[in-house]
Amino acid sequence: MALTDEFQALNKAFSGVGIDENSLISILGKWHPEERKSFRKGTPHFFKQDERHFERWDDHHVKHLKHEFMRFKNAVVLWTMHSWERDARLVKEALKKGPQTYSVLVEIACTRSAEELLGARKAYHSLFDHSIEEDVAYHIDGPEGKLLVALVSAYRYEGPKVKDDTAKSEAKTLAHAIKNADKRNPIEDDEVIRILSTRSKPHLKEIYKHYQEISGHNIDEDLDDALRLKETVQCLCTPHTYFSQVLEISLRNGVDKSIKKGLTRVIVTRADADMKEIKEEYRNRYGVSLTEKIEATANGNYKDFLLTLAARGG
(Lines give C-alpha, C1' and ligand atoms only; values in the text may rest on other atoms or scores of the structure.)
Protein backbone atom coordinates (compact mmCIF):
# COMPACT_ATOMS: atom_id res chain seq x y z
CA MET A 1 0.00 0.00 0.00
CA ALA A 2 1.39 3.44 -0.96
CA LEU A 3 2.24 5.74 1.93
CA THR A 4 -0.53 8.22 1.02
CA ASP A 5 -3.03 5.35 0.98
CA GLU A 6 -1.78 4.28 4.39
CA PHE A 7 -2.24 7.84 5.68
CA GLN A 8 -5.85 7.76 4.47
CA ALA A 9 -6.42 4.34 6.05
CA LEU A 10 -5.09 5.60 9.39
CA ASN A 11 -7.23 8.73 9.24
CA LYS A 12 -10.26 6.50 8.73
CA ALA A 13 -9.12 4.19 11.55
CA PHE A 14 -9.05 7.18 13.91
CA SER A 15 -12.41 8.57 12.72
CA GLY A 16 -15.99 7.70 13.60
CA VAL A 17 -16.77 5.88 16.86
CA GLY A 18 -14.33 3.26 18.08
CA ILE A 19 -10.89 2.54 16.62
CA ASP A 20 -9.96 0.23 13.72
CA GLU A 21 -7.35 -1.74 15.65
CA ASN A 22 -6.39 -4.03 12.76
CA SER A 23 -5.41 -1.09 10.53
CA LEU A 24 -3.30 0.40 13.30
CA ILE A 25 -1.47 -2.88 13.81
CA SER A 26 -0.90 -3.67 10.14
CA ILE A 27 0.26 -0.16 9.20
CA LEU A 28 1.90 1.40 12.25
CA GLY A 29 3.62 -1.81 13.29
CA LYS A 30 5.76 -1.94 10.14
CA TRP A 31 6.60 1.76 9.77
CA HIS A 32 10.16 3.01 10.21
CA PRO A 33 11.00 6.38 11.87
CA GLU A 34 10.94 8.30 8.56
CA GLU A 35 7.47 7.00 7.72
CA ARG A 36 6.19 7.96 11.15
CA LYS A 37 7.72 11.41 10.69
CA SER A 38 5.96 11.77 7.33
CA PHE A 39 2.69 10.83 9.00
CA ARG A 40 3.16 13.51 11.66
CA LYS A 41 3.94 16.11 8.97
CA GLY A 42 1.01 15.02 6.84
CA THR A 43 -1.66 15.07 9.57
CA PRO A 44 -1.66 18.57 11.13
CA HIS A 45 -5.10 17.85 12.65
CA PHE A 46 -3.40 15.18 14.83
CA PHE A 47 0.03 16.74 15.34
CA LYS A 48 1.30 20.29 15.68
CA GLN A 49 4.61 22.12 16.04
CA ASP A 50 5.47 24.52 18.82
CA GLU A 51 7.64 27.63 18.43
CA ARG A 52 10.76 25.40 18.53
CA HIS A 53 9.39 23.28 15.65
CA PHE A 54 8.93 20.34 17.99
CA GLU A 55 6.38 17.84 16.66
CA ARG A 56 3.83 16.70 19.21
CA TRP A 57 0.38 15.18 19.44
CA ASP A 58 -2.44 17.67 19.82
CA ASP A 59 -3.65 17.15 23.41
CA HIS A 60 -7.28 17.36 22.36
CA HIS A 61 -6.84 14.46 19.95
CA VAL A 62 -4.97 12.37 22.52
CA LYS A 63 -7.92 12.77 24.88
CA HIS A 64 -10.33 11.96 22.04
CA LEU A 65 -8.44 8.78 21.11
CA LYS A 66 -8.43 7.61 24.73
CA HIS A 67 -12.22 7.83 24.73
CA GLU A 68 -12.47 5.99 21.42
CA PHE A 69 -10.12 3.19 22.52
CA MET A 70 -12.24 2.76 25.65
CA ARG A 71 -15.53 2.24 23.81
CA PHE A 72 -15.05 -1.46 23.17
CA LYS A 73 -13.92 -2.11 26.76
CA ASN A 74 -16.84 -0.15 28.19
CA ALA A 75 -19.35 -1.99 26.00
CA VAL A 76 -17.99 -5.39 27.05
CA VAL A 77 -18.02 -4.46 30.74
CA LEU A 78 -21.60 -3.17 30.56
CA TRP A 79 -22.77 -6.24 28.63
CA THR A 80 -21.34 -8.70 31.16
CA MET A 81 -22.88 -6.91 34.17
CA HIS A 82 -26.12 -8.04 35.73
CA SER A 83 -28.78 -5.76 34.27
CA TRP A 84 -29.63 -4.38 37.74
CA GLU A 85 -26.02 -3.37 38.40
CA ARG A 86 -25.76 -1.91 34.91
CA ASP A 87 -28.80 0.33 35.39
CA ALA A 88 -27.65 1.38 38.85
CA ARG A 89 -24.25 2.42 37.50
CA LEU A 90 -25.82 4.24 34.57
CA VAL A 91 -28.00 6.21 37.01
CA LYS A 92 -24.97 7.09 39.14
CA GLU A 93 -23.00 8.27 36.13
CA ALA A 94 -25.94 10.37 34.87
CA LEU A 95 -26.26 12.10 38.24
CA LYS A 96 -22.50 12.75 38.29
CA LYS A 97 -22.40 14.18 34.75
CA GLY A 98 -25.28 16.59 35.28
CA PRO A 99 -28.36 17.88 33.42
CA GLN A 100 -27.18 16.92 29.93
CA THR A 101 -27.48 13.24 30.92
CA TYR A 102 -30.66 13.31 33.03
CA SER A 103 -32.52 11.76 30.11
CA VAL A 104 -30.81 8.50 31.14
CA LEU A 105 -32.73 8.66 34.43
CA VAL A 106 -36.01 8.98 32.54
CA GLU A 107 -35.00 6.17 30.18
CA ILE A 108 -34.25 3.72 32.98
CA ALA A 109 -37.25 4.68 35.11
CA CYS A 110 -39.76 4.51 32.26
CA THR A 111 -38.61 1.74 29.90
CA ARG A 112 -37.88 -0.94 32.51
CA SER A 113 -40.49 -3.24 34.01
CA ALA A 114 -41.55 -2.72 37.62
CA GLU A 115 -39.30 -5.58 38.75
CA GLU A 116 -36.35 -4.38 36.67
CA LEU A 117 -36.57 -0.88 38.15
CA LEU A 118 -36.92 -2.29 41.66
CA GLY A 119 -33.86 -4.46 41.00
CA ALA A 120 -31.85 -1.43 39.89
CA ARG A 121 -32.85 0.37 43.08
CA LYS A 122 -31.70 -2.62 45.16
CA ALA A 123 -28.40 -2.74 43.27
CA TYR A 124 -27.90 0.98 43.86
CA HIS A 125 -28.27 0.40 47.61
CA SER A 126 -25.58 -2.28 47.56
CA LEU A 127 -23.16 -0.37 45.33
CA PHE A 128 -23.40 3.16 46.75
CA ASP A 129 -24.99 2.93 50.24
CA HIS A 130 -27.70 5.36 49.15
CA SER A 131 -31.06 5.06 47.47
CA ILE A 132 -31.61 6.27 43.92
CA GLU A 133 -34.49 8.38 45.21
CA GLU A 134 -32.41 10.28 47.76
CA ASP A 135 -29.56 10.91 45.32
CA VAL A 136 -31.94 12.15 42.62
CA ALA A 137 -33.63 14.43 45.17
CA TYR A 138 -30.24 15.71 46.38
CA HIS A 139 -28.83 16.48 42.94
CA ILE A 140 -31.94 17.77 41.15
CA ASP A 141 -34.22 20.34 42.71
CA GLY A 142 -37.41 22.07 41.66
CA PRO A 143 -40.21 20.61 39.53
CA GLU A 144 -37.80 18.52 37.45
CA GLY A 145 -36.45 16.87 40.58
CA LYS A 146 -39.98 16.19 41.80
CA LEU A 147 -40.86 14.48 38.51
CA LEU A 148 -37.69 12.38 38.44
CA VAL A 149 -38.02 11.26 42.07
CA ALA A 150 -41.58 10.16 41.34
CA LEU A 151 -40.48 8.26 38.22
CA VAL A 152 -37.58 6.37 39.82
CA SER A 153 -39.80 5.51 42.84
CA ALA A 154 -42.57 3.98 40.73
CA TYR A 155 -43.75 0.38 40.88
CA ARG A 156 -46.39 0.27 38.17
CA TYR A 157 -49.24 -2.18 37.73
CA GLU A 158 -48.36 -4.37 34.74
CA GLY A 159 -51.64 -6.12 34.05
CA PRO A 160 -53.80 -5.51 30.96
CA LYS A 161 -56.81 -3.86 32.64
CA VAL A 162 -57.49 -0.23 31.71
CA LYS A 163 -60.47 1.94 32.69
CA ASP A 164 -61.25 3.76 29.48
CA ASP A 165 -63.32 6.51 31.13
CA THR A 166 -60.45 7.29 33.48
CA ALA A 167 -57.97 7.31 30.59
CA LYS A 168 -60.19 9.76 28.67
CA SER A 169 -60.51 12.01 31.71
CA GLU A 170 -56.77 12.04 32.32
CA ALA A 171 -56.10 12.72 28.65
CA LYS A 172 -58.24 15.85 29.07
CA THR A 173 -56.26 16.76 32.20
CA LEU A 174 -52.99 16.54 30.28
CA ALA A 175 -54.43 18.44 27.32
CA HIS A 176 -55.57 21.27 29.62
CA ALA A 177 -52.17 21.45 31.35
CA ILE A 178 -50.26 21.53 28.07
CA LYS A 179 -52.65 24.05 26.49
CA ASN A 180 -52.07 26.42 29.41
CA ALA A 181 -48.29 26.00 29.43
CA ASP A 182 -47.87 29.77 28.95
CA LYS A 183 -49.47 30.27 32.38
CA ARG A 184 -47.83 27.35 34.19
CA ASN A 185 -45.24 24.85 33.03
CA PRO A 186 -46.92 21.40 32.90
CA ILE A 187 -44.02 19.91 34.86
CA GLU A 188 -45.22 22.02 37.82
CA ASP A 189 -48.68 20.44 37.71
CA ASP A 190 -49.12 17.78 40.41
CA GLU A 191 -51.77 15.98 38.39
CA VAL A 192 -49.44 15.66 35.40
CA ILE A 193 -46.73 14.15 37.61
CA ARG A 194 -49.23 11.83 39.30
CA ILE A 195 -50.52 10.47 36.01
CA LEU A 196 -47.09 9.97 34.44
CA SER A 197 -45.45 8.46 37.51
CA THR A 198 -48.18 6.07 38.72
CA ARG A 199 -50.31 4.86 35.83
CA SER A 200 -49.60 1.58 34.08
CA LYS A 201 -48.09 1.63 30.60
CA PRO A 202 -51.24 0.18 28.96
CA HIS A 203 -53.26 2.92 30.68
CA LEU A 204 -50.81 5.61 29.52
CA LYS A 205 -50.97 4.32 25.95
CA GLU A 206 -54.75 4.73 26.07
CA ILE A 207 -54.25 8.27 27.36
CA TYR A 208 -51.85 8.83 24.45
CA LYS A 209 -54.52 7.68 22.00
CA HIS A 210 -57.31 9.78 23.56
CA TYR A 211 -55.06 12.86 23.70
CA GLN A 212 -54.52 12.57 19.96
CA GLU A 213 -58.28 12.34 19.44
CA ILE A 214 -58.86 15.43 21.62
CA SER A 215 -56.11 17.70 20.32
CA GLY A 216 -55.26 16.32 16.88
CA HIS A 217 -51.61 15.94 17.96
CA ASN A 218 -49.54 13.38 19.82
CA ILE A 219 -48.66 14.38 23.38
CA ASP A 220 -44.92 14.37 22.76
CA GLU A 221 -45.37 16.67 19.74
CA ASP A 222 -46.96 19.25 22.04
CA LEU A 223 -44.14 18.97 24.61
CA ASP A 224 -41.23 20.31 22.55
CA ASP A 225 -40.78 23.10 25.11
CA ALA A 226 -40.83 20.65 28.05
CA LEU A 227 -38.01 18.24 27.20
CA ARG A 228 -38.14 16.11 30.36
CA LEU A 229 -41.89 15.55 30.02
CA LYS A 230 -41.48 14.79 26.31
CA GLU A 231 -38.83 12.14 27.10
CA THR A 232 -41.06 10.71 29.82
CA VAL A 233 -44.05 10.34 27.51
CA GLN A 234 -41.94 8.81 24.74
CA CYS A 235 -40.25 6.30 27.05
CA LEU A 236 -43.58 5.23 28.54
CA CYS A 237 -45.75 5.23 25.40
CA THR A 238 -43.49 4.98 22.34
CA PRO A 239 -40.15 3.60 23.61
CA HIS A 240 -39.02 2.30 20.22
CA THR A 241 -39.35 5.80 18.79
CA TYR A 242 -37.33 7.17 21.71
CA PHE A 243 -34.56 4.58 21.36
CA SER A 244 -34.32 5.01 17.58
CA GLN A 245 -33.89 8.76 18.08
CA VAL A 246 -31.15 8.25 20.68
CA LEU A 247 -29.33 5.93 18.27
CA GLU A 248 -29.65 8.31 15.31
CA ILE A 249 -28.27 11.27 17.27
CA SER A 250 -25.42 9.21 18.75
CA LEU A 251 -24.33 8.11 15.24
CA ARG A 252 -24.00 11.67 13.92
CA ASN A 253 -20.57 13.13 13.26
CA GLY A 254 -19.15 15.59 15.75
CA VAL A 255 -21.60 15.09 18.61
CA ASP A 256 -20.56 15.40 22.25
CA LYS A 257 -19.02 12.30 23.84
CA SER A 258 -21.88 12.04 26.35
CA ILE A 259 -24.31 11.79 23.42
CA LYS A 260 -22.11 9.20 21.68
CA LYS A 261 -22.44 6.99 24.76
CA GLY A 262 -26.10 6.53 23.88
CA LEU A 263 -25.05 4.12 21.12
CA THR A 264 -23.41 1.70 23.55
CA ARG A 265 -26.10 2.14 26.18
CA VAL A 266 -29.07 1.43 23.91
CA ILE A 267 -27.50 -1.50 22.04
CA VAL A 268 -26.28 -3.15 25.26
CA THR A 269 -29.43 -2.62 27.33
CA ARG A 270 -31.95 -3.50 24.61
CA ALA A 271 -30.18 -6.42 22.87
CA ASP A 272 -32.10 -8.96 24.95
CA ALA A 273 -35.31 -6.93 25.09
CA ASP A 274 -36.77 -5.21 22.04
CA MET A 275 -33.92 -4.71 19.58
CA LYS A 276 -35.93 -6.11 16.67
CA GLU A 277 -38.67 -3.50 17.15
CA ILE A 278 -36.09 -0.72 17.60
CA LYS A 279 -34.37 -1.69 14.33
CA GLU A 280 -37.69 -1.70 12.50
CA GLU A 281 -38.54 1.75 13.87
CA TYR A 282 -35.08 3.05 12.96
CA ARG A 283 -35.43 1.90 9.35
CA ASN A 284 -38.94 3.34 9.08
CA ARG A 285 -37.88 6.73 10.46
CA TYR A 286 -34.50 7.18 8.75
CA GLY A 287 -34.69 5.08 5.58
CA VAL A 288 -31.57 3.06 6.36
CA SER A 289 -31.02 0.00 8.51
CA LEU A 290 -29.34 0.42 11.89
CA THR A 291 -26.81 -2.24 10.88
CA GLU A 292 -25.83 -0.27 7.78
CA LYS A 293 -25.47 2.93 9.80
CA ILE A 294 -23.25 1.25 12.40
CA GLU A 295 -21.17 -0.33 9.60
CA ALA A 296 -20.62 3.11 8.06
CA THR A 297 -19.90 4.97 11.30
CA ALA A 298 -18.22 2.68 13.84
CA ASN A 299 -14.80 1.02 13.70
CA GLY A 300 -12.91 -2.07 14.77
CA ASN A 301 -13.77 -4.41 17.60
CA TYR A 302 -16.33 -1.92 18.90
CA LYS A 303 -18.24 -2.01 15.61
CA ASP A 304 -18.11 -5.82 15.46
CA PHE A 305 -19.38 -6.13 19.03
CA LEU A 306 -22.27 -3.72 18.44
CA LEU A 307 -23.29 -5.54 15.26
CA THR A 308 -23.20 -8.88 17.08
CA LEU A 309 -25.46 -7.56 19.86
CA ALA A 310 -27.82 -5.83 17.44
CA ALA A 311 -28.24 -9.08 15.51
CA ARG A 312 -29.54 -10.86 18.61
CA GLY A 313 -32.95 -9.31 18.10
CA GLY A 314 -33.37 -10.94 14.70
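How much area do domain 2 and domain 3 bury between them, and what percentage of it is on carbon and sulfur atoms?

**Entry 1: the model.** I noted before anything else that this is a predicted model, in which local features need pLDDT of at least 70 and side-chain atom pairs count only at pLDDT 80 or more, while totals for chains, interfaces and linings use all residues. Residues are numbered from 1 along each chain as its sequence is written, and side-chain values use heavy atoms, with hydrogens and water left out.

**Entry 2: the chain.** I looked up the secondary structure of the protein chain and found 18 helices and two strands, taken as DSSP runs (helices H or I, at least four residues; strands E, at least two) numbered from the N terminus. The C-alpha trace spans about 75 × 40 × 40 Å along its principal axes. Of the 314 residues, 47% count as buried, where buried means under 20% relative accessible area with a 1.4 Å probe, protein chains only.

**Entry 3: domain 2 against domain 3.** I took the bounds from the domain assignment, which gives domain 1 (82-155), domain 2 (158-225) and domain 3 (233-313); such bounds come from an automatic or database assignment. To my opening question, the answer is about 660 Å², with 79% of it on carbon and sulfur atoms; buried area here is the accessible area (1.4 Å probe) that two parts lose on being put together, summed over both. Leu196, Tyr208 and Asp220 supply 51% of the area that domain 2 buries against domain 3, more than any other three residues.

I then counted contacts (heavy atoms within 4.5 Å), and eight residues of domain 2 are in contact with five residues of domain 3. On the side of domain 2 that touches domain 3, helix α12 (residues 201-215) gives the largest share, four residues.

**Entry 4: helix α6.** I checked burial along helix α6 (residues 103-111) and found nine of its nine residues buried, so α6 is largely enclosed by the rest of the structure. Among them are Glu107, Cys110 and Thr111.

**Entry 5: Glu133.** I located Glu133 in helix α8 (residues 132-139), where I read a relative accessible area of 17%, so Glu133 counts as buried. Leaving aside residues up to four places away in sequence, Glu133 touches Arg121, Val149, Val152 and Ser153.

Definitions and conventions
Buried < 20%, exposed > 50% of the residue type's maximum accessible area, 1.4 Å probe, protein only.
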